[in-house]
Amino acid sequence: MIPVGVFGGKKVAVFGIGRSGLAAARALEAGGAQVGVWDDDPGRRAAARAQGFDLADLGACDLSQFAALVLAPGAPLTHPAPHRYVTRARAAGIEIVGDIELFARAIAAAPEHRRPKVVAITGTNGKSTTTALLGHMLGEAGRDVRVGGNIGIAVLDLEDMHGGAVYVLELSSYQLDLTSSLRADVAIILNISPDHLDRHGGMEGYVAAKKRILLNQGHGDTAVIGVDDAWCQQICTEITAANKRTTWPISARRTMGRGVYALQGVLYDAMEGRVVEVADLTRARALTGRHNWQNAAAAYVAARALGVASSDAVDGLMSFPGLAHRMENVGAIGKVRFINDSKATNAEAARQAMTAYPRFRWIAGGRAKAGGIDSLADLFPSIDKAYLVGEASADFATALAGRAPYVEVGTIDAAVGAAFADARNLGEEVIVLFSPACASFDQYTDFEARGDAFRAAVHALAAPKAREATG
């Protein structure tokens, strides 16, 4: 745990007592604050009370008694309308922060010799993989690395800091909205495409939230910016011109005279005045596809910026085992291979997986985001057949009509069974790609639960085949 002492002797309210909220409450108490927690979910309130936390009904008590409100990132700060407790906190004149801001203040309050390095990673797609990849690379290079934030362990539940530690943090736009004083030694923006627009009041607000990762950087710090989309190209141009930090562009689509890029799976380093071929990413078992080549380029630059030798960085890239639910190879039955990409909660994320294979059978659907799958129309000819599930099934069927074969099957179990039945006797290698292009909340609590369901369906299908083979 990382104790947060900046509110020592003061009262602090914590709203939203899931993983990050409870971690914040523990860290604040360890730093001497008097903490009152609250959640709209009675079950969470009961669980927090059982763990010894004091409850503070934020709808009934006087919020002016608190020095700050620590807000869960899932609670709206501004759009589509501020959460009612945000409105009450502003009326009471107390500041509103998130757990990443508490982490930043804990670093700022620490003696210079105890301050760690911080790598902050954001982007519409790829941030979880890049965070885990960089954490793996640094660990393999012998660094004392802690990985968390929006992935895995809440930041304040990570091991306490010291001067030799490196924190590699995935940060969502929601978390960045609640962060103002973090200074990242290395800040990464992988890519930006429309997402969460309801929470940010449109694309301008969403981009502004992502750019907050660059706040407070100065000379000696590093920014790594993907330049394969127009939004990030503009950011890279702006901050390069400002010359406040070292800025490295990365790409998985173009050659560059400066930065790091990947073409046809080959990673090139142009950070030292000449272009050097450093790795064949097609041989990296967990980095299939152009989107993963962009992730690899970003992680490579970050590792180099932290003093890791090029050869050691490449060794880490090649040995990375991958993440669940991100282009995860969950197994094969005969010549039919099943890929779990449940993390693809929007069309742009699904595109990354779909472009990795020349032909595939596609399982898609759930709760659609704005625009549905219309932006994927150029990839419809690559779909041998689509198996549609969840709320978006009918809308996706309309989009695919006349452009790709499809069937509406309703559930993931049914989709896996139908795809295998269609593919099993074709006598050729077949990819069954589960890349939903949708949120999971129509049928599952989150993308992890949805991916687990896909994996379980594949394994259930494989079990009798294995018994037949051994029987």
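Reader: Where does Pro 80 lie?
Author: Pro 80 sits in the loop between β4 (68-71) and α3 (84-92). Helices (H or I, at least four residues) and strands (E, at least two) are DSSP runs, numbered from the N terminus. Residue numbers start from 1 along each chain as its sequence is written, and the model is predicted: local features need pLDDT of at least 70, side-chain atom pairs count only at pLDDT 80 or more, and totals for chains, interfaces and linings use all residues. Side-chain values use heavy atoms, with hydrogens and water left out.

Reader: Is the peptide bond from His 79 to Pro 80 cis or trans?
Author: The bond from His 79 to Pro 80 is cis. Its omega is near -5 degrees.

Reader: What is phi of His 196?
Author: Phi of His 196 is near 55 degrees. That is a positive value in a residue other than glycine. His 196 is in the loop between β9 (186-189) and α7.

Reader: How do I read a helix pair? At what angle do α5 and α10 cross?
Author: Start with the axes. They are lines fitted to C-alpha atoms, for helices over the stretch in contact, and angles run from 0 to 180 degrees between N-to-C directions. Helix α5 (residues 127-140) and helix α10 (residues 290-305) cross at roughly 45 degrees, and their axes come within 9 Å. Therefore α5 and α10 are oblique to each other (under 35 degrees counts as roughly parallel, over 145 as roughly antiparallel, 65 to 115 as roughly perpendicular, the rest as oblique).

Reader: Which residues of α5 and α10 make the contact?
Author: Contact means heavy atoms within 4.5 Å. From α5 come residues including Leu 133, Leu 134 and Met 137. From α10 come residues including Asn 295, Ala 299 and Tyr 300. By class, the contact of α5 with α10 has 10 nonpolar, 4 polar and no charged residues (Ala, Val, Leu, Ile, Met, Phe, Trp, Tyr, Cys and Pro count as nonpolar, Asp, Glu, Lys and Arg as charged, the others, Gly among them, as polar).

Reader: How does α5 pack with α11?
Author: α5 and helix α11 (residues 310-319) pack at an angle of about 125 degrees, with axes 8 Å apart. So α5 and α11 are oblique to each other. Leu 133, His 136, Met 137 and Glu 140 of α5 make the contact with Ala 313, Gly 316, Leu 317 and Ser 319 of α11. Those residues divide into 4 nonpolar, 3 polar and 1 charged.

Reader: What about α8 and α9?
Author: The axes of helix α8 (residues 203-211) and helix α9 (residues 230-242) come within 12 Å and cross at roughly 50 degrees. Met 203, Val 207 and Lys 211 of α8 make the contact with Trp 231, Ile 235 and Glu 238 of α9. By class, the contact of α8 with α9 has 4 nonpolar, no polar and 2 charged residues.

Reader: Now the second largest pocket. What lines it?
Author: Rolling a probe the size of a water molecule over the atoms shows where empty space is left. On a 1 Å grid over the protein atoms alone, with a 1.4 Å probe, a pocket is an open set of points with protein on both sides within 12 Å along at least five of seven lines; lining residues have an atom within 4 Å of a point. Of the 18 residues that line the second largest pocket, the closest to its centre are Pro 194, Asp 195, Asn 346, Lys 369 and Ala 370. α7 (197-200) and α12 (347-354) each supply at least two residues of the lining. The lining divides into 6 nonpolar, 6 polar and 6 charged residues.
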